[in-house]
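Please work through each task before reading its solution.

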Amino acid sequence: MKMESNFLDVSIQIIIAVTGFIAIYLTQQESRKDWKKYACIFGLISQPFFLYTTYVNNQIGMFILSIMYTYVWYIGFKNNWLMTNGKY
């Protein structure tokens, strides 16, 4: 049982690290502005893992911050993928 828990924890941490890095990296791409719109996708992919790990580890402050990050990544998704010419 402990081995399964450790595997899950490590897997979640790897997913958070990889998707989080890609999201932040993409936000800083001045030479490839067309890549920036993908940052919110990777940011949103990481959020369920952030929310889960902060919740099960009773990290209330980080859990609340993760909810805020989810909202901000959603705004990016809405602006880059759902709106056309400023309209839905």
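The model is predicted, with local features needing pLDDT of at least 70 and side-chain atom pairs 80 or more, while totals for chains, interfaces and linings use all residues. Residues are numbered from 1 along each chain as its sequence is written, and side-chain values use heavy atoms, without hydrogens and water.

**Exercise 1.** Describe how the axes of α3 and α4 are arranged.

*Solution.* Take α3 as residues 39-56 and α4 as residues 60-82; their axes, lines fitted to C-alpha atoms over the stretch in contact, come within 9 Å and cross at roughly 160 degrees between N-to-C directions, on a scale from 0 to 180. The pair is therefore roughly antiparallel (over 145 degrees).

**Exercise 2.** Identify residues that form the contact of α3 with α4 (heavy atoms within 4.5 Å).

*Solution.* From α3, the residues include L44, F50 and Y55. From α4, they include F63, W73 and W81. By class, the contact has 15 nonpolar residues (Ala, Val, Leu, Ile, Met, Phe, Trp, Tyr, Cys and Pro), seven polar (the others, Gly among them) and no charged (Asp, Glu, Lys and Arg).

**Exercise 3.** State which elements the chain has and what share of its residues is buried.

*Solution.* The chain has four helices (DSSP runs of H or I, at least four residues) and zero strands (E, at least two).

Conventions: Parallel < 35°, antiparallel > 145°, perpendicular 65-115°, else oblique. Buried < 20%, exposed > 50% of the residue type's maximum accessible area, 1.4 Å probe, protein only.
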